[in-house]
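Here's a quick briefing on how this chain is put together.

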Amino acid sequence: MDTLAPSQRVAERAHDVIEQVEKGVFIGGRWRPAENGGTFPVEDPANGLRLCEVADATPADALAALDSAAAAQRTWAAVPPRRRGNILRRAYDLLMARREEFALLITLEMGKSLAESRAEVAYAAEYLRWFGEEAVRIDGTWKVSEDGTARVLVTRRPVGPCLLITPWNAPLAMPARKIAPAVAADCTMIVKPAPQTPLTSAALAALLAEAGLPDGVLSIIPTTRAAAVTEPLLRDGRLRKLSFTGSTPVGRLLLAQAADTVLRTSMELGGNAPFIVCQDADLDAAVDGAMTAKLRNIGEACIAANRFHVHADVAEEFTEKLVARMSTITVGAGTDPAATLGPLIDERQRRRVADLVDETVAAGARLRTGGSPPDGHGYFYPPTVLTGVPADARITREEIFGPVAAIQTFTSDEEALRDANDTEFGLVSYLYTRDLNRALSMGEQLETGMVGLNRGYVSDPSAPFGGMKQSGIGREGGNTGIDEYLEQKYLAIDIPAPWPQSPGADASAAKGVR
Ligand code: NAD
């Protein structure tokens, strides 16, 4: 019989899970210390304590990873599609079998509740399965040129070695969403995880190696010096692709660097999602959706609802229901089964959120619940609702990245659309209405890559995830997600037309003018 108290059991499991994770850089199929022996600490945001030390990769490590990726690219590209698909499928099976260990690891280094971490594991695993299925469906086309003098054979080839840079807010799903299509498309890759959450990426790399991914196809370089370590890679002509998920300011910087080598880029950047509740909306459904869109991932999601636009006639009822639901949330360590909302990632982020709230209240907004961080260890911030938020407040222009709902009102669809689109971001919007015409018309006019229609959640491996405007370039997932890692290449084949040419049609003359 197990006589340990639940908290003691979790502490022991946490210790074991951290012990088992590789802490080095992973290059050429080998885990090793950083070239200069440097390390950095990984912290548990629930208490600010150090979980372990991880190798702090240097620019020399990054170049060694690129040597390895470039050397492996040719042989990897010759691996049959079914074998690549099977590797991803095996990785899916392994990940689902180890769902609890991965969930605990995510919770320990990122903070979210175990229930949310389990959901992230399932979501990440689906990318492995989805792209495992796509690996065998990379096709091309064959057609007769328009003048009939040639054949056009279009193939799709791997783009080549990729650099994949990921954020801390979904430590498993973000790398999985890039690695899976890159593997399916035959690319080799170097993953640079966020320094706050390098352990989950390391565990994923080890799992992929166990699933059969050949040495050198995937390297991992955790580092605290992101710019210094990635800059030599971006300058090196052997790197062919950059896929980045993170903030818009860093995305802009990387795009400028990528211009020098005309690198293919995919950019999944920041958001500022409007959550629109029309007068005719089902308010209970809207509150359910708001809870998901606002509190999922502790509000630290690019697709988090950032600005609530609620029709003036239903604003008070919606607010009261939302405040009532927010008040049922229990804030606490993600490993505590009673807690539904974990800590923010670090003190800097908590300070940012607290400042945004204080500043908005000082500008005239009304605090309806929350607003004061609890005393004690860890970077907790309570669910918070603000009403009467001035339209020009900083909180309406910047990503909050915390559990704070800032509510404004509108009186017409035109006003809601104007306010919703009044941002340089364009990742996702949420729209609640029971009127089909209004839904389709407003859905069309919202300037975002994704729209949650009467739904507070849009992430789906079978859908194209991505943003318009300054929220990004490219899409991850869906039928076209693999295209981000493929180049089209066409062979012009000189085959004389088998049928008699019509009088006057001179094929060689036609060729000359093209
Ligand atoms: P961040 O931009 O600070 O960092 C993201 C990654 O880039 C990290 O690995 C970081 O170490 C690295 N980085 C930072 N500066 C760099 C530089 N100069 N050169 C190279 N790499 C550099 O973002 P974050 O705080 O880790 O994550 C939160 C942000 O990510 C939010 O803006 C969020 O909206 C965005 N995000 C977007 C999506 C999406 O799909 N659109 C998904 C998740 C998160």
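The C-alpha centres of domain 1 and domain 2 sit 31 Å apart, with the bounds coming from an automatic or database domain assignment. This is a predicted model, where local features need pLDDT of at least 70 and side-chain atom pairs count only at pLDDT 80 or more, while totals for chains, interfaces and linings use all residues. Residues are numbered from 1 along each chain as its sequence is written, and side-chain values use heavy atoms, leaving out hydrogens and water.

**Domains**
- The protein chain splits into domain 1 (8-269 + 471-489) and domain 2 (273-453).
- Across the boundary, 23 residues of domain 1 are in contact with 27 residues of domain 2 (contact means heavy atoms within 4.5 Å).
- Together the two domains bury about 1,900 Å², 56% of it on carbon and sulfur atoms; buried area is the accessible area (1.4 Å probe) that two parts lose on being put together, summed over both.

**Helix pairs**
- Helix 4 (residues 99-110) and helix 7 (residues 198-210) have axes that come within 8 Å and cross at roughly 155° (axes are lines fitted to C-alpha atoms, for helices over the stretch in contact, and angles run from 0 to 180 degrees between N-to-C directions).
- For helix 5 (residues 114-134) and helix 6 (residues 173-184), the axes come within 8 Å and cross at roughly 10°, so helix 5 is roughly parallel to helix 6.
- Among the residues making that contact are Tyr123, Tyr127 and Phe131 of helix 5 and Ala176, Arg177 and Pro181 of helix 6.
- Helices are DSSP runs (H or I, at least four residues), as are strands (E, at least two), numbered from the N terminus.

**Arg32**
- Arg32 belongs to strand 2 (residues 30-32).
- Beyond its neighbours within four places in sequence, Arg32 touches Gly24, Val25, Ile27, Asp61 and Ala64.

Notes
Angles under 35 degrees count as roughly parallel, over 145 as roughly antiparallel, 65 to 115 as roughly perpendicular and the rest as oblique.
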